[in-house]
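Here's a quick tour for anyone meeting this structure for the first time.

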Amino acid sequence: MRTGALSTVQDSGRRGHAALGVGGSGAADRTSYALANRLLANPEGAAALEATMGGLVLRARGAVTAAVTGAPCPVEVDGRGAAADTVLHLPDGAELHLGAPPSGLRSYVAVRGGFDVAPVLGSRSTDTLAGLGPPPPQEGTVLPVGPPPRDLPAVDWVPARPFPERELSLRVVPGPRDDWFDDGALGVLLSSAYEVTSRSDRVGARLSGPALSRRGGGELPSEGMVPGSLQVPPEGRPVLFLADHPVTGGYPVIAVVVAADVSRAAQARPGTALRFHR
């Protein structure tokens with residue numbers, strides 16, 4: 001019925017095609033996405049909806065069992081308050097509303113059976129950089145629901161994890177190209193606060209803060225990139241790569257956020273301060 005700022009279909013990603021220039025994509029916050037599917041006893045990889053800053057409104061065609069996880073947005077079913085991180089039973093015609101979350105950025109709506117849109121290269125994820133996968137839903141889009149899994153939900157509620165409001169701490173591994181920077185650049189990265197700017201999306205978070213100066217003026221041949229890479233363009237402010245990042249890049253990567261923290265980074269909205277720790 002409404003899509004909010006951006007809603008896309010996402011699953012666990014389009015794996016194994018980087019050699020062809022196709023990125024992994026998938027849910028930006030893998031932890032919250034996986035939790036939504038576990039609540040419903042869905043198989044790993046079942047497609048869900050990723051909603052940015054809430055505003056998503058869905059109407060059930062037939063009875064649907066759903067769960068909302070991720071950024072803690074207000075949830076309503078037919079105008080009545082409902083809880084996130086729980087199993088929700090929507091009768092035929094019921095409307096599910098997601099409000100704007102007070103913290104965090106991305107929320108996930110899963111349905112029992114998953115959204116059964118057509119896969120592209122083995123994944124139902126929308127890659128906003130490459131334009132692969134199902135188009136973002138619009139008003140009037142009908143999303144088919146797959147058959148319910150054999151297993152039944154084992155719990156009906158899980159405790160919510162906290163989401164960043166003003167500052168977020170992320171662990172990094174230095175390199176692989178930290179030797180392309182001046183001696184003090186890594187120390188600057190690890191001792192300074194960098195702010196997520198409004199020029200951020202599923203591809204990556206552009207950061208403002210102290211510039212990281214390079215040694216010399218050479219060019220780096222294009223090489224493979226992974227989620228969590230802190231790539232540094234010539235002006236010196238890092239870009240933190242997220243789910244839809246390019247598979248290669250020619251700017252040096254000074255450090256990489258550990259995989260376990262990339263989901264947390266994906267919930268950092270513009271204005272959030274990031275601090276990096278070895």
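Helices (H or I, at least four residues) and strands (E, at least two) are DSSP runs, numbered from the N terminus. This is a predicted model, in which local features need pLDDT of at least 70 and side-chain atom pairs count only at pLDDT 80 or more, while totals for chains, interfaces and linings use all residues. Residues are numbered from 1 along each chain as its sequence is written, and side-chain values use heavy atoms, with hydrogens and water left out.

- β3 pairs with strand β2 (residues 6-10) in the antiparallel sense over five bridges (two strands pair if DSSP finds at least two bridges between them).
- Q10 has A48 in β3 as its bridge partner.
- β3 also pairs with β10, again antiparallel, over four bridges, and here L49 stands opposite V109.

**The largest pocket**

- A pocket is an open set of points on a 1 Å grid over the protein atoms alone, where a 1.4 Å probe fits, with protein on both sides within 12 Å along at least five of seven lines; its lining residues have an atom within 4 Å of a point.
- The largest pocket has a volume of about 520 Å³ (the space filled by probe spheres set on the points, which are joined across faces, edges and corners).
- It's lined by 26 residues, and L58, R59, T141, V142 and L143 lie nearest its centre.
- β1 (2-3), β4 (56-59), β5 (64-70) and β10 (106-111) each give two or more residues to this lining, and β4 gives the most, with four.
- The lining divides into 18 nonpolar, four polar and four charged residues (Ala, Val, Leu, Ile, Met, Phe, Trp, Tyr, Cys and Pro count as nonpolar, Asp, Glu, Lys and Arg as charged, and the others, Gly among them, as polar).

**The second largest pocket**

- The second largest pocket has a volume of about 350 Å³.
- Of its 24 lining residues, R15, G24, R30, P227 and H245 are closest to the centre.
- α1 (30-39) and α3 (259-265) each give two or more residues to this lining, with α3 giving the largest share, four residues.
- This lining divides into 13 nonpolar, eight polar and three charged residues.
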